Structures are given as structure tokens and as C-alpha cells.
Amino acid sequence: MGTWWDLLGLSAYLLGAISCAAFALWVMGGKAKSLPAGGAIAAALMITAIWALTIAAVGADHPFAIITYSGSHLAWLWALYRLFAKDGRHHSLAPIRPVVAVLALIELVQPVLAFSVPYYDLSAQARASVIITAISLRLLTSAGALVLVHNLFVGAAKTAQPILRWPAAALAAFWLFELNYAASAYITGELPDLLGALRSFLPLAMVFLLAIGSTGERAATPLRPSRSVAFQTASILLIGGYLAAMAVIGNALSFIGGDFARIVQVLFVVAASAIALLAIPSKKLRSTLRVNLVKHLFQHRYDYRAEWLRFNQTLSRPAQDAAPLPERVVQAMADITDSPAGLLLMPGGQDDLELAARWQWPTIEVPDMVLATTVQSLFERQQFIIEIDDLREGRDVNDMADLLPDWLYEDRRVWALVPLLHFERLVGVIVLARPNVVRKLDWEDFDLLRLAAQQLASYLAEQTGQEALMEASRFDEFNRRIAFVMHDIKNLASQLSLLASNAEKHSEKPEFRADMLVTLQNSSEKLNTLLARLGRYGASGSDEKQPVQLSKFVWEMAKRTGDGDRISVIQADEARVVAHREGLEQAVLHLLQNAIDASADEEPIFLSSSTDGLNGIIEISDNGAGMTAEFIRNGLFKPFVSSKQGGFGIGAFEARELISAMGGRLEVDSREGLGTRFTLRLPLAAAAELLEQNSLTDDPSKPEAA
């Protein structure tokens with residue numbers, strides 16, 4: 001079996017050497033024009049061919065085979081770098097060059113370690129340590145190279161990925177095999193024979209993949225790696241390098257020998273682990289790594305799609321889980337520059353900017369008047385972003401140093417001022433705290449911050465407008481209540497005036513005097529309840545309803561108008577309804593007074609109560625001037641629209657609102673020149689109880705009626 005494997009491996013190495021050399025010559029002859037970095041790949045193929053031919057001729061343990069083996073790894077690293085650096089993009093590859101250089105340096109150590117085993121008289125323990133160190137370094141170089149291959153393909157433009165797919169696949173196959181070979185050797189403690197035999201097919205596989213890739217069309221290969229992938233890759237490389245260094249140093253300490261070596265190894269592992277635990281959570285370390293990666297690896301500082309998604313997510317967070325909008329505005333701006341804290345300054349009552357919100361900055365002391373009006377006008381005219389460090393160091397391009405207050409200079413955490421402008425009007429200013437890694441703001445920072453500031457200003461302006469509308473609505477509600485009260489006072493004044501006029505004619509009659517006393521008492525009670533009713537307008541639905549007997553109610557209303565002789569109760573059927581007694585009285589008295597005002601002197605007003613089986617009905621009719629259909633449709637139930645001279649236009653509107661709050665309905669039928677009939681419909685008490693029982697039965701969340 002071994003002979004067959006040896007013969008198959010020898011044949012594969014020979015065939016691989018021939019294939020690599022032939023394909024390298026074909027590439028150097030200009031035949032593979034679509035293959036990127038063709039020169040570097042051809043050189044790597046040629047060195048791989050020499051390595052395969054050496055193994056076939058003299059075996060894998062020969063010194064020349066070991067040297068060419070490491071040479072092939074170095075050549076493929078160079079080819080990988082050339083794939084990154086295609087189209088002369090060397091200046092944007094600063095983070096890649098150190099990684100490639102470190103991997104190449106580690107690879108150069110491999111022959112030294114390999115030659116030290118047979119040519120130096122090492123103990124068994126030292127020999128094992130050297131072998132383990134060599135395998136560990138091989139694991140590190142293979143893993144690092146695979147990470148670079150991943151970034152090469154994933155970070156490429158979509159148009160370039162088809163061209164890079166096959167070269168990246170060949171490189172991935174090469175280092176993936178080496179990674180598995182080294183991992184198997186590290187785990188088992190000896191070189192795997194099966195994988196060693198299969199390694200002979202590796203050159204053939206690489207030539208096959210590269211040949212497929214050489215047939216595609218040319219495409220540009222701009223470097224566009226994912227920021228998250230780049231950061232994670234760099235973190236993995238740092239951690240991997242750290243672990244490899246720990247392994248190498250730990251193995252080197254074993255040469256000391258004796259119990260003392262074990263103590264030193266344990267102390268080293270404990271100290272190195274403690275350093276790692278302290279360094280990994282460091283925000284400053286992560287920020288420094290991220291800033292340097294973005295600075296040297298990417299064409300643009302920001303991933304605009306990710307920034308926009310994070311920006312909107314911060315501002316659109318659900319209200320129950322989010323901080324107030326001013327705090328979220330500060331956070332959204334601070335996240336862009338990695339600032340750990342910030343303040344929001346907004347115009348106050350005296351037009352000076354005042355502190356409106358803090359985000360993660362409770363310690364800074366801010367005076368009541370933060371920025372003067374002159375600074376606001378400068379922000380509105382020039383629309384610039386201020387770096388406080390420039391002013392501290394005397395670089396005052398915009399003549400702002402003398403205008404800013406001292407507290408901005410005294411606190412060293414204050415880093416930048418970003419104005420929020422909405423239609424060239426200053427809505428606020430955001431004060432950003434100094435980030436963990438301080439840097440100068442450049443043109444890209446200014447453009448993004450200005451764009452974000454415009455969006456944030458629109459959010460704040462919208463909120464301010466909504467608050468103003470709510471405040472205006474509250475004032476409007478208050479004015480409406482005052483108008484209702486004035487209307488009630490006007491009706492009471494009319495009743496008292498009519499009562500005084502009738503007193504001159506009927507003061508001798510005992511019946512009139514008794515009715516006058518009742519009317520005066522009712523008017524006095526109503527005046528005393530006007531202020532209390534001010535707070536119940538618009539919230540009458542919360543008052544407790546009670547049964548009202550309409551037959552008695554209509555007779556009482558006829559007597560309370562102050563002109564009872566004109567009110568004629570033509571029907572008083574028994575009907576018990578559920579209503580707010582006071583609100584119903586107010587609505588009926590409004591409508592009766594309107595009927596009296598709309599009718600000629602001594603013209604009767606008709607009042608009645610009846611039922612239709614479900615509702616109690618109150619009708620108020622007159623033979624007055626009547627109303628047009630257009631006025632009923634467009635003006636009758638609109639406040640402050642009246643057909644009467646000096647009228648408030650409140651009575652009908654308020655009456656309908658009061659009846660609606662009781663679950664009833666107000667209807668009107670009028671003909672110009674003939675008169676008007678108002679019909680009030682309220683649910684009967686029995687029907688209301690039945691509906692309430694049905695609602696309790698349908699809603700399981702409510703307790704059943706007793």
C-alpha cells in the first residue's frame with residue numbers, strides 16, 4: 001500500500017511541476033490577459049513547480065525542498081498582496097502591508113527551525129518544543145493568509161468578484177490545506193501521512209482553478225472591504241499573534257529546565273492572560289484600532305449606509321423604550337464621531353441658548369445663559385462647525401474665540417460645536433465631548449455632520465411646532481369654554497331682563513310672584529355653578545349619568561325660562577331616559593331661548609316629550625323666521641357663527657355636544673318663514689341597561705353584571 005501511495009504521490013508531484021511551469025510560461029507570454037496580478041502569480045507558480053520537482057527528485061526532507069517549500073509560501077503571499085494592490089492602489093493598502101510583512105517574516109523562520117532539528121544536538125524535549133513551535137507558526141501564517149483571502153474577495157466590488165473568484169479560490173485551497181495539515185500535526189503530535197500524500201495534488205488543483213479564472217473578462221478591482229469584517233479580521237490577527245507569541249515564549253521558557261521552568265511558565269501565562277483581560281475590554285484600544293483601519297484601509301471614513309441606518313434607528317426608537325427626543329438627537333450626532341457624551345442647547349425665553357438636554361454628561365456645569373444672541377446670528381450666517389481645540393490653540397479662522405463663553409474652554413472634554421439649522425434658522429447647537437481617540441475633523445466629517453444636523457434640526461422643529469399646536473389647542477379649548485360661559489351669562493341676563501319686564505305687568509299676581517321667586521332662585525344657582533362647569537366642558541362624558549323622567553322635566557323647563565306664559569307643553573308622555581341632568585337642562589334651555597329669540601313677541605313656543613320605544617324624545621318647536629337649508633348645513637352647528645344680531649353662535653353647537661356626550665342625538669328641521677323644530681333623542685333607561693349588559697357579556701375582560 002505504501003508503495004502505491006509513494007508512486008501516486010511521485011507522479012502527482014511530477015505532473016504538478018510540469019503543469020505549474022507550463023501555466024506560468026503561458027501567463028508570462030501574455031496569454032492570460034484576464035488574470036489579475038499575472039506576473040506575481042506566474043512567479044509563484046514557477047517556485048511551486050521547483051518545489052514539487054525537488055520533492056519528486058530528492059524527497060521532502062532535503063534542505064533544498066524545505067527552502068523551496070517556504071519560498072512557495074512567500075511567493076503566494078506576494079501574489080496575494082499584488083491582487084490587493086492591482087491598479088496602483090498601494091497608498092490605500094497601508095494596513096495590509098504590515099500583515100503581509102509579519103506573515104512573511106514568520107515564514108522565513110520556518111527553515112531556520114527545520115534546520116535546527118537535524119544539525120544541532122538537541123535534547124528530546126528541545127526537539128519537541130522546536131517542532132511544536134514550527135507547527136504553531138504554520139497555523140498562524142495559514143490562518144492569517146486565509147483571512148486576507150477572505151477580505152480580498154468579500155471586499156471587492158460586485159463587478160470585480162467574478163474575476164477574483166478563481167484566484168481567491170486557488171489561494172484559499174492552498175492555505176486551507178496547509179491549515180488542516182498543521183492543525184492535524186499539532187493535535188496528534190506527528191506529521192499526518194495521508195495529508196502528506198494528498199499534498200502532491202495541491203499544485204494540480206491550484207493550476208486547475210487559476211486556469212478557469214484566466215478565461216474571464218477583465219474587471220476593475222477596487223478595494224471595498226466591509227468595515228466590520230476588516231475590524232474583526234484585524235482583531236483576530238491581533239489575538240492570533242498574541243496567542244502565537246504566548247506559545248512561542250512559553251515553549252522557549254521550557255529550555256530553562258527543572259521545576260523553575262514550570263514556575264516561570266505558569267507565571268508568564270498568568271501575567272499574559274491578565275494583560276489580555278485588561279486590554280481586550282478597553283474602549284480606547286478598540287477605538288484606536290478602528291480609526292487606524294478606517295484611515296488607511298478605506299477610501300471614505302464612513303460607511304454611509306450603516307451610519308444612516310443607525311441614525312434613523314436612534315431617532316425612531318419606540319417612545320416607551322426611548323429617551324426624550326432631545327437626548328436622542330444628541331446621541332444620534334455623537335454616534336457619528338464616536339463621542340461618548342454631548343449636550344443640546346436650544347433658544348430659551350430670552351432668545352439666548354439654554355441647556356435643553358444632556359446625554360451621558362451629568363458632570364459638566366452649564367450656566368443658565370449658555371450662548372449669546374450674537375453667536376446665534378453668526379451660526380445662522382456662516383453655518384460652520386467649530387473645533388474648540390483650534391480656538392484653544394489660537395487658530396481662530398471665524399473670529400469666534402472672544403464670543404464663546406469661558407465654560408466651553410475650561411472643560412477639556414468639550415470638543416466641537418455643531419449648529420442645527422432649519423431653513424437658515426438656528427434651532428439648536430450640539431456640544432460634542434472629546435472621543436477616546438482624538439483626531440482632526442476633515443471635509444468628510446464636516447459634510448456628514450452638516451447633513452445630519454439638518455435632519456436633526458427638522459426633527460426638533462417639528463416637535464416644537466407640535467408643542468405649539470398643542471398649546472394653541474389648549475388655549476382654544478379654554479377660549480371655547482369662556483365663550484360657553486359668556487353665552488350662558490347672556491341667556492341668564494335675558495331671562496332676568498324678561499322677568500323684570502313682566503314684573504311691571506304682573507307683580508300683583510301671587511302666581512307670578514311665586515314663579516318669579518323660583519326663576520330667581522334657579523338663576524342664582526346657575527350663576528354659582530358657572531365656574532364649576534368651566535372645568536367640565538369637553539369632559540362631560542366622565543360625569544355620572546342618572547335617570548331623568550321627561551314628563552316632569554319638560555314642565556320644569558317651561559317654568560325656568562322666565563317667560564313661562566309663552567312655553568306651551570303640548571305633550572308630556574312618561575319616558576325615563578339616562579342623561580346628565582345638568583347638561584340636559586343646559587341644552588334644552590339653550591334651544592328654548594333660541595326659539596324665543598327667533599319668534600315674534602307673544603308667539604307661543606311648543607314643548608313636548610314622547611317615546612319611540614328605544615329613545616325618549618324632546619321636541620322644541622316655534623313658528624319663527626326659520627333657517628335656510630344652507631345655514632343648517634354650514635353654519636348652525638359651527639361655533640361663533642350666528643344669524644342673530646350680537647349672537648355668539650354657541651347655543652346650538654353646545655347643545656349638540658352635550659347631547660352627543662350623553663349618547664343621544666340632536667336633529668333639526670326648519671323652513672324659512674315657517675319655523676323650526678329641534679328634536680332631542682336620548683336612550684331610554686331600560687334600553688341603556690340592556691345595551692350595557694350586552695357589552696359586559698361580549699367583553700370577557702369586564703366583570704359580569706350582578
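Mentor: What follows goes through the sheet, then the helices before it, and then some other parts for comparison of detail.

The model is predicted. The open sheet has five strands in the order 2-1-5-4-3, and their pairing is antiparallel. Strand 2 and strand 3 (386–387) are the edge strands, as each of them pairs on one side only. Strand 1 (residues 342–347) runs antiparallel to strand 2, and six bridges join the two. Within that pair, Gly342 has Trp359 of strand 2 as its bridge partner. Strands in a sheet pair through backbone hydrogen bonds, in a parallel or an antiparallel sense.

Two loops at this sheet hold a residue other than glycine with positive phi. One is the loop between strand 2 (353–359) and helix 14 (373–382), where Gln360 is found. Gln360 has a phi near 55 degrees, and this residue is exposed, with a relative accessible area of 52%; the cut-off for exposed is over 50%. The other is the loop between strand 4 (414–422) and strand 5 (425–433), which holds Phe423. The phi of Phe423 is also positive, near 55 degrees, and the residue is not a glycine. Phe423 counts as exposed because its relative accessibility is 75%.

Next, helix 13 (residues 325–337). At 1.5 Å a residue, its 13 residues should span 18 Å, and the end C-alpha atoms are 19 Å apart, which agrees. The helix is mostly covered, with twelve of its 13 residues buried. Among the buried residues are Arg328, Gln331 and Asp335, along with Val329, Val330 and Ile336. Asp338 follows helix 13 and has a positive phi, near 60 degrees.

Helix 12 (residues 304–315) can be checked in the same manner. Its twelve residues should span 16 Å at 1.5 Å a residue, and the distance between the end C-alpha atoms is 16 Å, so the two agree. The buried residues in helix 12 are Glu307, Phe311, Thr314 and Leu315. They cover an arc of only 90 degrees around the axis, and therefore lie on the same side of helix 12. An α-helix has 3.6 residues a turn, so residues three or four places apart point the same way. Arg305 and Gln313 are exposed, on the face of helix 12 turned away from the buried side.

Six of its eight residues are buried, so strand 10 is largely enclosed by the rest of the structure. Strand 9 (residues 605–611) pairs with strand 10 in the antiparallel sense over seven bridges. In this pair, Ser610 has Ile617 of strand 10 as its bridge partner. The hairpin of strand 9 and strand 10 has three residues between the strands, and Gly613 there takes a positive phi near 105 degrees. Strand 10 also pairs with strand 12 (residues 675–683), antiparallel and over eight bridges. Ile618 stands opposite Leu680 in strand 12.

Last, the surface. Leu7, Leu10, Leu14 and Leu53 form a nonpolar patch with about 330 Å² of accessible area together. Helix 1 (residues 2–28) gives the largest share of that patch, three residues. Leu14 is located in helix 1, and its relative accessible area of 37% makes it partly exposed.

Technical notes. Residues numbered from 1 in each chain as written. Predicted model: local features only at pLDDT ≥ 70, side-chain atom pairs only at ≥ 80, totals over all residues. Heavy atoms only, no water. Helix = DSSP H or I, 4+ residues; strand = E, 2+ residues; numbered from the N terminus. Expected span 1.5 Å × (residues − 1). Buried < 20%, exposed > 50% of the residue type's maximum accessible area, 1.4 Å probe, protein only. Arc of directions from axis to C-beta. Patch = residues over 30% accessible without salt bridge, like charges linked within 9 Å, V, L, I, M, F, W, Y side chains within 5 Å. Areas by Shrake-Rupley, 256 points an atom, 1.4 Å probe, with all protein chains shown as cover. Salt bridge = Lys/Arg side-chain N within 4 Å of Asp/Glu carboxyl O. Pairing = 2+ DSSP bridges.
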